[in-house]
Amino acid sequence: MRAPAAQSTADHVALGTAAMQVHDLPTALAHYDAALALDSTAYEANWRASLALLDEGEQIPESVKSAERDSLYAQAERLARRAVAADSNRAEGHFALAAAVGRASLTMGKKERIRRARIIRDEAQRTLELDPRHDGAYHILGRWNAEIMRLSGLSRFFAKNLLGAGIFSQASWEAAVSNMERAVALDPARLYHRLELAEIYVDRKRYDDARSELAQLAALPDRELMDSVYRRQAETLAERIAKKH
């Protein structure tokens, strides 16, 4: 989609942000592209465009191979890095980089994903140093811990001892739970937080807690672009654990 004429980089960023709020992703991306064409180093245009590209890539299910999705994630990572280069003392650039590296890593082999795990954690932690109430960064840290703990013992041994990723020994289920619970506490109306927390509770066999999160999620209105997808995933999870104690 072609972005309507606007006078400045800031104008295009504002119009792109407004489009994102009504889930008009093509218009948002067109405005962010226009902003970056005027100033490729613009901090806000870069991090906002990065997150919008992640949303676009997430429309393509992870269960299918997609060069288009891989390209979107790689582009999102480049823009996030550019945002951090433009201003390393603001939180959103670091958050966008943590999110983009995490998404892009899903398209890579095990060795590369392990190598990039430190970047994800470090960028999320830097986000929290700059903004201690950033719910998205807590979400990333919660998921980071959970995904490492979900690896088999052999895979973690391989990572720690053969690839030198000693950072994996710092992951724990306790950190997965506490970080994701903090994300929910900071933004209780965000469906994605509650879905991921429910999944972590299931990992820990805390089925009543998981059902409580899913029930609260079901009562919330859709707010973000992917919420209808998260809602369906929550319904599937609720069915799967319905009889578990």
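Buried here means under 20% relative accessible area, with a 1.4 Å probe and protein chains only. This is a predicted model, in which local features need pLDDT of at least 70 and side-chain atom pairs count only at pLDDT 80 or more, while totals for chains, interfaces and linings use all residues. Residues are numbered from 1 along each chain as its sequence is written, and side-chain values use heavy atoms, with hydrogens and water left out.

Leu-195, leaving aside residues up to four places away in sequence, touches Leu-214, Leu-217, Tyr-230, Gln-233, Ala-234 and Leu-237, contact meaning heavy atoms within 4.5 Å.

Which residues of H11 are buried? They are Tyr-207, Ala-210, Glu-213, Leu-214 and Leu-217, and they cover an arc of only 120° around the axis, which puts them on the same side of H11; the arc is that of the directions from the helix axis to the C-beta atoms. These buried residues pack against helix H9 (173-186), helix H10 (191-203) and helix H12 (227-240).

Turning to another helix, Asn-46 is found in H3, residues 43-58, helices being DSSP runs (H or I, at least four residues) numbered from the N terminus. Asn-46 is buried, with a relative accessible area of 0%, and among the residues it touches, beyond those up to four places away in sequence, are Leu-36, Leu-79 and Arg-82.

Methods. Buried means under 20% relative accessible area, exposed over 50%, partly exposed in between (1.4 Å probe, protein chains only). Helices (H or I, at least four residues) and strands (E, at least two) are DSSP runs, numbered from the N terminus.
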